[in-house]
Amino acid sequence: MENSDETRLRQLVAEALEVRSTPGKPPVLSLWGASGTELPEALETLFKRWAPLVPAAHVTRAQLHGDSMLEVLLRLTEQLSRRARWRSAPRFPRFALGVLASRGKLDNKLADERREEMINRTLGRKLTNGRELVTWLSQTGEVLAQGLGAPSTAAAWLGMTTGWAAGRLHRAVLLRGAPLRWYRNEITRTNVGTGIDGLIDLSHEAALHPDNEDAVAPTLCRAVLADLAAWQQTRPSIFKRSRRCLVVFDRTPPQQTLYRVQGNGVQQVIREFAEHRVTGSGPGTSPALLVEGGPLRPVIPGQAASLWRPKLIAHARYRGWDPARADGWKLRYPLVWSPAANIGATSRQQEGTFATQAALSRKLDTGSSADLRPLVTTIRRLTGDHPGATAALMDAIAAHAHQHGGQLPDPRGLCELTTTAGRRFDEWVIELATARWPAAVCPGVVRFSLLRTLTDECTDQVYALIRNGGGAAPAAGAGSDLAQFLSRDAWVEYDPDDPAVPPVIHPLLRRAVAHLVGARAFRHVVWETWHTQVAVAMQKSDPVTSLYHKLAAGKVADVVDALEAWLGEGTPGAKDWLNRLEEITRAPLARVTTAQPVVEHHHELVSSAGAVVEPVLARLVLAMQLHNDPLGDPRHSMCAVIAHGLAALGDKYGPAGTFHDHATIYQDCHTRWRNFGE
């Protein structure tokens, strides 16, 4: 089933491909989504939708044998040159001439001569003889296929370059035509000569850097765009310039490939295309639309990735893109794919709930919607509507029901279910987020995930542990890789509207880490030790964050004392105090249990808290912590307890009206769940 992000992407692309309705220079649509959000599948679907209608290419990291711009361009042009039933296909003579000139050593008879002389004698001679040129193009296709693992056979290379009638090639096609003149104008910048001098200069540049296969790749990128522009101008008049070509780049690395292997070939081709996509195609009109996506934010020189504020794709409008932006995105329209849905404990959760419930019903082959409601709401709050995790969890629930005679699992135990990959769900999530980072990064990511927010002061605690060893010998480059994770990985979410809001880890990863580390030490991270350390470090500068981590560490008395002191002093107003209470009680539970009802679990937590100044406040704090944790109170047994506690505090401390209004939120939540017969 297509989600809203896929629908919006399809609409954006359809709008940007239309030359008449959107003339000029469309930006690169730059998407990023956390691993498992099905962005690669969406990009492939986009390509398949448009390939029959416009020349289209879909280049993925998995297709590439190396990290060369030339190989990326070969993949790109080979796909764009494929014909379809309802359209013609572009050819790339300028690109072919550039490749031939920069790889002059293909003629073995002249292997020992100077490169410039070789091009002058060999290329010039072959350009005047159609049969020899066809033979040489065929040899080029074979050599490139062997040397780069390129998909082009000799026949494909011929078709890509000159059309399938290459056997009848006349010397005027290249020697006296626009392709050769383009090199004269682009490189020699003169109206004198035929362009051979430009190709010689290109060959000389390649010869100066024999170990750099991409020395002349920027020129070849411009040649590809010039070929596309020429094709667009020479289309039949009824279709002329109606739509652009579509180029889709998937920057997702292959399985088992670390992010450290950057895929510079793809990145640099995207950058060159973004900067030079306007060639000779009319008055400032670009011949191609670029769509690129991956799990890491793209690198833009001179622009810190952590400062980017992308649009949510659901809110994106092509005409809303501002080409005058001064933050490094003049050439790109940054979009977030499948961002986390932060669903509050008291949210009505209507949007998306019915679709999730229907999908789970199909997995279970049951029509009982009432019984599924605790599971559905827990799935959504736990995963933040992460597509891959939602699907994995549904499969695990279906497998559990099948193994237990149709009995559904307790929603509080979802993290302990076994996925189809044979791993516990919480372990599977952590592996999903960290698999393509070096192993030394994982302890730092685990600590990041336990922080309330990723402010500089909080993250400094993680980097300090790396510098000092932190229970394990620090690996070389771990700090640098962690910084890359923090600034570029889509598992770290930035507020798209407010740069002042600190980033946070995706709620799915936060809860999975909390569930695993709360039960046992994991990757040298001990739950109580880490939360206590952060609480002490943040005590003066950010008391709310400090109390959040104290509550997570089980220091309930300290939290209750601080809240009671604020309440007694009246320093913050009632609304501010309630906001602080909500923030603090979002601290994750160290342990969730399926061995006892939620009410009994609450009584046990209250008893273990010991003597406190305000017992009503202690019961309220722990009830809210249970209720706010996605796995703590799936059937909302704590709503009435919270409403009663807030009302009692309002009667004692006042103003009663403010507290009673806040209590109404929880009372309404309680009523909704009781009306469903839960």
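**View 1. Phe448 and Trp577 in the largest nonpolar core.** Of the 104 residues in this core, Phe448 and Trp577 touch the most other members. A nonpolar core here is a set of buried Ala, Val, Leu, Ile, Met, Phe, Trp, Tyr and Cys residues joined through side-chain atoms within 4.5 Å; buried means under 20% relative accessible area, exposed over 50%, partly exposed in between (1.4 Å probe, protein chains only). This is a predicted model, where local features need pLDDT of at least 70 and side-chain atom pairs count only at pLDDT 80 or more, while totals for chains, interfaces and linings use all residues. Numbering runs from 1 along each chain as its sequence is written, and side-chain values use heavy atoms, with hydrogens and water left out.

**View 2. Around Trp577.** Skip the neighbours within four places in sequence, and Trp577 is in contact (heavy atoms within 4.5 Å) with Leu563, Trp566, Leu567, Pro572, Leu617, Leu649 and Phe659.

**View 3. Glu38, with positive phi.** Glu38 isn't a glycine, yet its phi is near 65 degrees. Look for Glu38 in the loop between strand 1 (28-32) and helix 2 (39-50); helices (H or I, at least four residues) and strands (E, at least two) are DSSP runs, numbered from the N terminus. Glu38 is partly exposed, at 37% relative accessible area.

**View 4. Ser338, also with positive phi.** Here phi is near 50 degrees, again in a non-glycine residue. Ser338 sits in the loop between strand 6 (332-336) and helix 13 (353-364), and is buried, with a relative accessible area of 11%.
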